[in-house]
Amino acid sequence: MDEIRLIACDVDGTLLQQGETELRPQLFDLIRRLAAQGVEFCVASGRAYSSVRELFGPVAGQISFVCENGGVVYRDGLLVARNPVPEDLGREVATAIWQREDCELLAADGETCWMIPRIPERAEQMKPYMGDRIGVASHPDELPAQLVKVTAFREEGAAALLPEFTARWGAKLHVALAGRRWLDVNACTKATGLAALCGLVGIQPREVMAFGDNFNDQPMLDWVGRPYVMRGADPALRALYPAADRPEPVIEALLNVLE
């Protein structure tokens with residue numbers, strides 16, 4: 001089995017489960033120990049960079065970040081890759097979400113997360129995922145032209161949106177569930193961002209371990225040499241990786257790397 005040189009890990013549903021809002025302190029110690037052995041740790045999340053950087057504060061300067069499902073990649077605090085949605089498609093998807101009365105529209109340009117809230121308290125509810133750089137608009141035409149992700153948030157569940165969105169945009173964009181209430185649309189995937197990062201540091205896919213729990217993790221899990229699917233993941237996703245380990249929690253699997 002190939003030596004592991006980089007570990008990529010999703011956040012929500014993987015490191016944070018059942019309503020957790022803070023990472024377990026022992027994870028930070030493990031990340032430092034991995035770094036001392038030459039194993040790089042990368043956060044691979046649909047969240048904004050400012051959100052996950054704050055979450056990983058004690059070790060943020062030692063790790064890399066693939067954020068917005070690969071829309072932006074940061075290493076050593078610097079933006080090293082950006083994968084925007086084509087302007088016409090981004091505007092089209094955003095407008096379609098905005099026109100639905102059962103959805104909230106969220107969009108990210110890589111620096112600021114934008115929303116057109118239907119209820120006043122929505123912005124505060126979204127802040128943990130969007131970070132501290134939140135912009136509020138009143139119409140999709142007010143959004144930046146260069147978006148890296150467009151998201152539909154549906155309180156009743158986003159799975160109902162998947163057939164329509166896939167039929168309309170799946171041939172040109174990546175459409176994936178990112179949680180029970182979230183449907184993300186990107187021009188890239190977490191695998192895109194991870195490949196860009198690994199290309200910078202000379203790491204091969206077979207030398208990468210990845211952890212995920214949802215369908216926006218699937219391209220990343222397919223790309224790496226050692227995928228881990230969480231026990232609490234959607235059964236349909238688990239069925240795609242019958243041989244994958246199912247750690248609970250991730251910390252147990254990271255300890256095995258250090259042994």
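Valine 73 has alanine 81 as its bridge partner in strand β5, and valine 66 is paired with valine 73 of β4. The model is predicted: local features need pLDDT of at least 70, side-chain atom pairs count only at pLDDT 80 or more, and totals for chains, interfaces and linings use all residues. Residues are numbered from 1 along each chain as its sequence is written, and side-chain values use heavy atoms, with hydrogens and water left out.

**Strands β3, β4 and β5**

- Strand β4 (residues 72-75) and strand β5 (residues 78-82) are antiparallel and share four bridges; two strands pair if DSSP finds at least two bridges between them.
- Strand β3 (residues 64-67) is joined to β4 by three bridges, also in the antiparallel sense.
- Strands here are DSSP runs of E with at least two residues, helices are runs of H or I with at least four residues, and both are numbered from the N terminus.

**Turns and positive phi values**

- The hairpin of β3 and β4 has four residues between its strands, and glutamate 68 in this turn has a positive phi of about 55°.
- Asparagine 69 lies in the loop between β3 and β4, and its phi, near 55°, is positive although the residue is not glycine.
- Asparagine 69 is buried, with a relative accessible area of 3%; buried means under 20% relative accessible area, exposed over 50%, and partly exposed in between, with a 1.4 Å probe and protein chains only.
- The hairpin of β4 and β5 has two residues between its strands, and aspartate 76 is found in that loop.
- Aspartate 76 has a positive phi near 55° and is a residue other than glycine; aspartate 76 is exposed, with a relative accessible area of 58%.

**Helix α9**

- In helix α9 (residues 250-258), the buried residues are Val250, Ile251, Ala253, Leu254 and Leu258.
- Viewed down the axis of α9, these buried residues fall within an arc of 160°, so they line one face of the helix; the arc is taken from the directions from the helix axis to the C-beta atoms.
- The cover over the buried residues of α9 includes β1 (6-9), α1 (25-36), β2 (40-44), β12 (208-212) and β13 (226-229), where contact means heavy atoms within 4.5 Å.

**Largest pocket**

- The largest pocket holds about 1,100 Å³ of space.
- A pocket is an open set of points on a 1 Å grid over the protein atoms alone, with protein on both sides within 12 Å along at least five of seven lines; a cavity is a set where a 1.4 Å probe fits but cannot get out, and lining residues have an atom within 4 Å of a point.
- The pocket lining has 47 residues, and those nearest the centre are Asp12, Gly13, Arg47, Tyr129 and Trp182.
- Elements giving two or more residues to this lining include α2 (49-55), β6 (104-108), β9 (149-153), β10 (174-179) and β11 (182-186), while α4 gives the largest share, four residues.
- By class, the lining has 16 nonpolar, 14 polar and 17 charged residues; Ala, Val, Leu, Ile, Met, Phe, Trp, Tyr, Cys and Pro count as nonpolar, Asp, Glu, Lys and Arg as charged, and the others, Gly among them, as polar.

**Cavity**

- The whole structure has one cavity of 30 Å³ or more.
- The largest cavity has about 40 Å³ of space; grid points are joined across faces, edges and corners, and a volume is the space filled by probe spheres set on the points.
- Residues lining the largest cavity are Val85, Pro86, Glu87, Gly90, Arg91, Pro144, Ala145 and Leu147, which divide into five nonpolar, one polar and two charged.
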